[in-house]
Structure formats: structure tokens, C-alpha cells
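Open the model in your viewer and keep the sequence panel beside it. This tour goes stop by stop: select, look, move on.

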Amino acid sequence: MSTPPPDRPSSPPSRHLTRRLLQLYVGLALYGASVALLVEAGLGLAPWSVLDQGLAEMTGLTIGVVSIIVGAVVLLLWIPMRQRPGLGTVSNVFVVGIAMDGTLALVPDAHALGIRVPLLVAGILLNGLATGLYIAARFGPGPRDGLMTGLHRRTGRSIRLVRTAIEVAVVATGFVLGGTVGVGTVLYAVAIGPLAQLFLRLFAVPSASSGGSTVVAAGQPEQAILRG
């Protein structure tokens, strides 16, 4: 009796890798674009973006360049916590900032509230979609996410407590420096978790070791959602 041929995987590993890379870089680019829309709306930014904008006001640099510098500094803080960056971690530092400045250069200034409110809503929705794309690609958390989870492991404090403490500190610092805090900041804080979870499941990539079943980014990135 002949032995039946082994089942073929539903998708070749190389196809999975191509999809993951595409998700990573499209997600990071859209993340930067979403932050730019929130900046143009002028109704309040996500926590880390408040700090980036405040530092940009103080230094005269663009917010995208400041985002890259802050991301690189945060990444250096991983060293004493023995965190290991992935491709997505390093890419996050550069791609988000570049996409942010590129979008700001293309989008005209918005002054009417009837335009700024839709920009705010679009920015938050796009941010959730981008979050799902790049985290589900499973190339490592962003620098700010890794800082939160690293401190969680080192201190034993909950992710919620560590994240809250960090984000309160960056919002307060950014606000003092001139960053925008408003209704958009609150709306982002309320909406980003559910949106990110929705898009994480939607964009989950099949794992090569799971026989074709889909998994989302497990553990740290999913718990930390997300850098602001």
C-alpha cells in the first residue's frame, strides 16, 4: 500500500514572510500618516506625540525628526533592561517619523472645525488599522512598547500601571513644552485599544508552526497597545 503524500501547507513560508514584511512597512507608514492627521486636526494628540510636538516646538525641528530621535533614545533604554529589538523595532524608529513629515508636507492646513473633526476621527481610525497591521506582522514591538513591557518585567508592576505612569509623564512634559492636549487625546486613549484588537485579529498572519492557523502578535506587543 502506497504512502499518501504529506499535506501541503496552506501557504508557503516565503509567502508568509512577504506578507509580514508588507504589513510591517505599510503599517508603519500608515501609523506615521495617522499621527500627521492628528497633528493637522489640532484637537489633541496621542501621549508620545504630545511629547514629540512639544520638543519640536522647543527645538525648531520637525515633529517627524523629533519622533526619530526620541525613538532612538528610548531604544537605548532597552540595553540595561536586556530587551532585544526586532526588525520592526528598528524600522519603527525611522519609518514612522519619515511618514509623519511626508504626510504633513502633503496635507494642507485645516482651520475650520468641520474639517478638523473628521481629520481627528480619520487619524484615530487609521492609527488603529496601522497598529493592527504592524503588530500582527510579528517583527517585534515598537521602542515605546518595549520600554513599557521591559519596565513591567524589571519592576514587577502591571502593564497598565507602567503604561499609565509613562504616558502621564510624557503628556505632562509635552504639554509644558507646547504639545497639544485636548479632546483628541482622550478619544485616542479610549478608542485605540478596541480598534487595535479588532485590526490585530483581522490582519493576523498564519504561523508556520501552527499548521495554517492564524495567530496575532502574542505577549508583549498585544498587552502594551500601543505607543502614542
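Select Val168, Phe175 and Val176 in helix α8: these residues are exposed. Keep in mind throughout that this is a predicted model.

Now show the whole helix, residues 159-177. Helix α8 has 19 residues and reaches 27 Å from first C-alpha to last, close to the 27 Å expected. Which residues of α8 are buried? Select Ile159, Val162, Arg163, Ile166, Glu167, Val170, Val171 and Gly174. Look down the axis of α8: the buried residues fall within an arc of 150°, so they line one face of the helix. The exposed Val168, Phe175 and Val176 are on the other side. Step just past the end of α8 to Gly178, where phi is positive, about 115°.

Stay with Ile166 and show what it touches. Leaving out residues up to four places away in sequence, Ile166 touches Trp48, Leu147, Met148 and Leu151. Ile166 also belongs to the largest nonpolar core, which has 50 residues. Which members of this core touch the most others? They are Trp48, Ile124, Ile166 and Tyr188. Colour helix α1, residues 13-41: this helix gives the core its largest share, nine residues.

Next, select helix α7, residues 143-155. Its 13 residues should span 18 Å, and the end C-alpha atoms are 18 Å apart, which agrees. Pro143, Arg144, Asp145, Gly146, Leu147, Met148, Thr149 and Gly150 are buried in α7. Just after α7 comes Gly156, with a positive phi of about 80°.

From Pro143, go to Leu75, one of its contacts. Leu75 is found in helix α3, residues 63-76. Neighbours within four places aside, Leu75 is in contact with Pro85, Thr89, Val93 and Pro143. Check the C-alpha atoms of Leu75 and Thr89: they are 14 residues apart along the chain and separated by 8.4 Å.

Now the rings. How many aromatic pairs are there? The count comes to two. Start with Tyr31 and Tyr134, an edge-to-face pair with 6.5 Å between centres and 90° between planes. Tyr31 lies in helix α1 and Tyr134 in helix α6 (residues 113-136), so the pair ties together parts that are 103 residues apart in sequence. Are these tyrosines buried or exposed? Tyr31 is buried, and Tyr134 is buried too.

Move to Phe199 and Phe203. This pair is stacked: 6.0 Å centre to centre, with 15° between the planes. Phe199 counts as buried, at 14% relative accessibility. Phe203 is buried as well, with a relative accessible area of 17%. The cut-off for buried is under 20%.

How many helices and strands does the chain have? There are ten helices and two strands. From the N terminus, the elements run α-α-α-α-α-α-α-α-α-β-β-α. Buried residues make up 48% of the 228 residues. Of the contacts between residues at least 6 apart in sequence, 81% join residues at least 24 apart.

Note on methods. Residues numbered from 1 in each chain as written. Predicted model: local features only at pLDDT ≥ 70, side-chain atom pairs only at ≥ 80, totals over all residues. Heavy atoms only, no water. Helix = DSSP H or I, 4+ residues; strand = E, 2+ residues; numbered from the N terminus. Buried < 20%, exposed > 50% of the residue type's maximum accessible area, 1.4 Å probe, protein only. Contact = heavy atoms within 4.5 Å. Expected span 1.5 Å × (residues − 1). Arc of directions from axis to C-beta. Core = buried A, V, L, I, M, F, W, Y, C linked by side-chain atoms within 4.5 Å. Phe/Tyr/Trp six-rings, centres within 6.5 Å; stacked < 30°, edge-to-face > 60°.
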